[in-house]
Amino acid sequence: MPDRAGPDVYAIAAHRGFADALVAGLVPRYAAPDLGLARLTLLLPSQRAARTVTEAFIRHSGEGLLLPRMAVVGDLDLDETLGALLDPLGAGEDLPPAADPTRRWLRLAAILRDLRGPDLPAPALLRQGYDIGRTLDRLLVEGIEPAALLDPDVVAVVGDQAAHWQEATRMFLTAVAHWRADLGVRGEIDAPERRNRLFDRAARRWRAAPPATPIVAAGVTSASPALARLLRVIAEMPRGAVILPDLDLALDDEVWDALGQAGMPEEPGGAPFGAHDAVTHPQYHLKLLLGRMGVARAEVRPWHRAGITAAPPARSRAISNLFLPPAASASWVNLPEDQRRLAGVRLMESADPGEQAQAIALLIREALEQPERRVALVTPDRGLAGRVVAHLQRWDIAADDTAGRPLSQTAAGRVLLLLAELAAEGAAPVPLLALLGHPLVMRGAGRADWLDNVRRLDRALRGPRPTPGVDAIGVLLADRHADLHEWWRSVARLLAPLLELPDGADLDMRLDALVCAAGALCGDGLWDVADGRALAAFIEDLRGAALASAPPPLTARDLPPILREAMDRIAVRPPWGGHPRIAIYGLLEARMSRADLVICAGLHEGSWPAAPAPEPLLPPALLRRLGVPGADFRIGLSAHDLAGALGAPEVVLSWARRDEAGPVIPSRFVLRVEAMLGAELARRHGDERAGFLARAIDRAKPAPAYPRPHPMPAPSQRRVAISATQLDRLRGDPYQFYAAKILRLSRLDPVDAEPSAAEKGTAAHKVLERWQQDGGHIERLDRFVDAELAHFAAHPLVAALWRPRLEAGLRWVAKRIVTAREEGRLVLATEAAGAIDVRGVTITGVADRIDRTADGGLAIVDYKTGAPPSARQVEQGFALQLGTLGLIARAGGFGTIVGAPDTFEYWSLARDARRGDFGYVTSPLKTGAKRSGIAPADFLPESERYLHDALDRWILGDAPFTARLNPDLNDFNDFDQLMRLDEWLFNLLPGDAA
């Protein structure tokens with residue numbers, strides 16, 4: 001390499017493929033006899049970059065060679081640490097150890113609790129503690145000590161802010177002061193500060209005594225001041241060099257200057273960043289890095305090497321034009337077509353994420369048909385990446401998402417979170433069943449029997465949530481499912497230690513209980529694979545930090561959100577083993593990657609680029625004054641990621657018009673591409689073929705219209721008993737009766753269901769029955785209400801809404817019964833069951849109450865918690881309950897109760913719209929001045945006629961049990977899905993509903 005004055009800084013254009021172009025230039029420059037290339041030290045940004053460069057060396061050599069030594073500066077965003085080159089063991093100059101970041105997080109939360117008092121919930125304290133640590137790291141990475149906030153000029157900026165910013169700044173400074181004092185006692189420093197000191201120590205040593213072997217820094221784009229100083233030293237070393245990725249040397253000087261100050265204040269002591277800096281430009285952070293290195297762009301040279309072109313050279317110029325600042329982008333109007341054509345770049349718009357994922361999977365599948373062709377999917381949307389992975393399994397293609405998954409979404413992580421939710425909710429059915437059915441629980445020979453018991457427990461727990469705790473579930477099973485009781489006792493023994501922790505238990509105690517329960521349920525298999533090992537490391541780290549930092553006391557309900565947030569910050573990356581020619585990257589992982597086809601997906605606002613995360617503690621004006629890049633700085637990094645990806649030989653830019661929530665706006669980068677290309681060129685670059693195939697691949701011939709069900713069972717199957725309530729269902733919707741009585745199907749209640757109107761009615765009936773059996777004393781009514789509603793103690797809705805209304809209705813019923821008793825009416829029976837035989841068919845019914853009237857007749861009373869049936873429904877034969885009960889009573893079907901029923905009443909506990917009070921009585925009979933209803937003399941004969949009509953047609957006859965025979969009657973809908981109602985109801989021809 002020829003010597004020259006000034007630093008050796010080079011740039012590789014985006015179209016050339018950074019890793020391959022880097023290797024092609026390194027080999028002739030540094031290869032020499034006696035293992036010359038192996039003497040080279042290559043400083044790279046991350047371990048993934050080291051793997052990418054290693055693969056490039058292998059491709060370049062075609063045979064064996066000794067690789068240079070590769071060291072990493074560590075990527076903070078990937079949680080990587082410095083390599084042994086910059087942080088050697090036993091270094092001569094001692095540096096304080098770095099504070100554990102987890103301990104800092106918990107300690108800051110404890111400091112906040114001391115400052116703000118115990119009223120703030122622990123999750124909020126921990127969230128604020130994490131935000132303080134993250135803000136502190138932003139300052140320290142930029143080489144800014146927190147004491148700089150006390151500078152008079154900075155204090156003046158704070159004084160101009162709103163009151164909440166001033167309070168947040170004071171809280172930040174106070175908490176950080178306590179934390180730094182704690183660090184001083186422990187003899188530690190924050191990790192970013194130690195990192196900066198290591199950079200500065202290496203820079204001092206190499207400046208004083210340059211290493212005998214060459215050092216080259218390649219692909220490093222972090223603009224941290226300490227790292228920039230180190231890169232400057234490397235660039236000035238005798239055989240050193242700094243090689244930057246995707247630096248646009250062809251960008252006009254006017255445009256380069258228009259990017260802004262980029263860390264170089266216009267006057268001494270001024271703000272490093274101007275209010276109009278183009279921080280969203282992909283070259284901005286490179287300008288910032290060069291400025292901090294003290295290198296002018298004119299001093300940077302191209303990294304020349306012929307024959308290493310990944311994309312057409314003209315594309316670099318088009319990429320440069322694509323990302324021009326707003327004012328300069330006006331030149332697009334006059335650009336010739338060859339300077340704005342993105343040859344090899346296609347645009348793909350999809351209707352939704354599902355179609356987008358299917359189209360991408362098809363593109364990948366097509367690319368694999370060509371031997372040696374590599375394809376990379378780059379997307380910040382992990383949900384989209386997961387969809388693509390699932391679609392590729394159609395062709396038995398295993399692809400790994402190398403960006404990883406949050407620990408909270410892995411199988412092992414879900415076990416821990418489910419246990420935490422179980423403890424927080426007192427063994428509520430949903431987390432309990434999810435935990436017991438988890439694929440890692442009770443693996444082995446006995447898992448089949450275990451799952452059988454879990455399914456039976458699922459059936460037992462359907463409906464409203466039981467009282468919290470494993471004991472309540474044990475009581476429920478002992479009463480109704482004795483065969484499950486013994487199995488449940490063994491499960492309860494495993495879970496009891498976790499559920500019995502007091503509310504003031506420390507975090508380490510709760511973690512110990514979680515680990516013990518997880519081990520008892522899953523065994524050692526929980527920790528076997530990558531996510532289990534990551535979970536074990538997470539727990540040990542958190543437990544050790546909790547013991548050392550005394551975090552705020554936690555309740556059981558505090559733990560799930562705390563664990564979920566902490567686990568979301570840990571990415572579990574898969575081990576090697578996916579398809580060797582497919583890579584699925586996040587934006588960080590994709591840097592410096594190589595592929596023949598790169599698909600950039602999820603290009604919509606909020607995803608790529610991501611929405612800037614607001615700084616919660618320090619005002620943006622203060623950060624600018626201190627020299628910390630603003631939140632929009634990351635948009636520029638996202639733009640640089642896209643510019644680098646556009647250098648691949650073939651590129652597809654993909655986005656969807658909507659996501660799961662609704663319509664979305666295409667990425668500003670996509671809109672720029674379309675605007676620069678113009679309508680005609682954009683149309684030529686469009687790729688509609690993949691979207692068409694994605695829509696067509698699962699398109700089948702239209703299924704024939706599903707006919708309206710009308711089953712016709714055999715005569716022997718039709719002869720079933722009919723209850724008074726089922727007679728209404730038989731006449732209103734025969735198919736519902738067929739499914740319930742002949743097929744003997746029943747609807748499953750949801751798990752942890754909200755109490756329904758049916759449960760409310762059942763509760764009211766039980767209260768009235770027990771109250772009347774006790775003697776019917778009004779002053780004792782409350783005790784029966786308390787006893788019955790105790791079953792719904794887990795549902796605050798019951799206490800807030802049900803109880804007041806139910807009590808008001810029940811008190812009205814009680815007073816009404818007392819009044820009726822005083823008028824000579826006597827209660828003969830409550831919840832009376834009766835049956836008669838009609839033409840060989842058993843007719844059954846349960847009367848809520850039967851009274852003896854003053855004139856010796858019988859009164860049939862039916863309680864309703866809602867509105868009773870209308871007179872029209874009764875007249876049309878769709879509300880036959882009271883009439884059928886009257887027929888049973890007339891025939892002596894209620895045992896010792898004998899008499900002629902002549903009074904039929906609905907007692908509703910609902911609010912009377914006319915009076916405004918709860919409770920009223922109505923009758924289906926046309927009495928007095930009533931204009932609607934059935935005449936008293938005709939009520940039982942009409943009920944009997946409707947009964948015989950039903951028997952003649954369906955029970956003793958051969959009429960089909962037609963679905964929704966009366967479509968306007970929507971009282972029965974338990975089996976709408978079974979009859980596939982939505983597939984045929986709206987296709988009925990006129991007259992079909994008759």
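Modeller: A word on residue classes comes before that: Ala, Val, Leu, Ile, Met, Phe, Trp, Tyr, Cys and Pro count as nonpolar, Asp, Glu, Lys and Arg as charged, and the others, Gly among them, as polar. Please also keep in mind that this is a predicted model.

Biologist: How many cavities of 30 Å³ or more does the count come to?

Modeller: The general idea is that rolling a probe the size of a water molecule over the atoms shows where empty space is left. Here the count comes to three cavities of 30 Å³ or more, and the largest cavity holds about 40 Å³ of space. The residues that line the largest cavity are Ala423, Leu498, Leu501, Arg510, Ala556 and Leu559, and by class they divide into five nonpolar, no polar and one charged.

Biologist: Which residues line the second largest cavity?

Modeller: The second largest cavity, with a volume of about 40 Å³, is lined by Ile817, Ala820, Arg821, Arg825, Leu826, Val827, Arg849 and Asp851. By class, this lining has four nonpolar, no polar and four charged residues. Helix H32 (796–822), strand E17 (826–838) and strand E18 (841–852) each supply at least two residues of the lining, and the largest share, three residues, comes from H32.

Biologist: Turning to the backbone, where does a cis peptide bond occur?

Modeller: In general, most residues other than glycine have a negative phi, and most peptide bonds are trans. In this model a cis peptide bond, with omega of about 5°, joins tryptophan 608 and proline 609, and proline 609 lies in the loop between strand E13 (597–600) and helix H23 (620–626).

Biologist: Which residue has a positive phi of about 70° although it is not a glycine?

Modeller: That residue is glutamate 372, which lies in the loop between helix H12 (353–367) and strand E8 (375–378). Alanine 550 is also not a glycine and has a positive phi, of about 50°; its place is in the loop between helix H20 (530–549) and helix H21 (559–568).

Biologist: Is glutamate 372 buried or exposed?

Modeller: The reading rests on cut-offs, since buried means under 20% relative accessible area and exposed means over 50%. Glutamate 372 counts as exposed because its relative accessibility is 66%, and alanine 550 counts as exposed because its relative accessibility is 53%.

Biologist: How many salt bridges does a search of the whole structure find?

Modeller: The idea is to look for a side-chain nitrogen of Lys or Arg within 4 Å of a carboxyl oxygen of Asp or Glu, and a search of the whole structure finds 58 salt bridges. One of them joins aspartate 137 and arginine 104, whose closest N and O atoms are 2.8 Å apart. Aspartate 137 lies in helix H4 (residues 122–141) and arginine 104 in helix H3 (residues 101–116), so the pair ties together parts that are 33 residues apart in sequence. Arginine 104 counts as buried at 9% relative accessibility, whereas aspartate 137 counts as partly exposed at 23%.

Biologist: Which residues are linked with Arg104 and Asp137 in a network of salt bridges?

Modeller: The network also holds Glu145, Arg180, Asp190, Glu193 and Arg197. A salt bridge can also be read inside one helix: arginine 134 forms one with aspartate 131, with the closest N and O atoms 3.3 Å apart, and these residues, being three residues apart in helix H4, are separated by about one helical turn.

Key: Residues are numbered from 1 along each chain as its sequence is written. This is a predicted model: local features need pLDDT of at least 70, side-chain atom pairs count only at pLDDT 80 or more; totals for chains, interfaces and linings use all residues. Side-chain values use heavy atoms; hydrogens and water are left out. On a 1 Å grid over the protein atoms alone, a cavity is a set of points where a 1.4 Å probe fits but cannot get out, and a pocket is an open set with protein on both sides within 12 Å along at least five of seven lines; lining residues have an atom within 4 Å of a point. Grid points are joined across faces, edges and corners, and a volume is the space filled by probe spheres set on the points. Helices (H or I, at least four residues) and strands (E, at least two) are DSSP runs, numbered from the N terminus. Buried means under 20% relative accessible area, exposed over 50%, partly exposed in between (1.4 Å probe, protein chains only).
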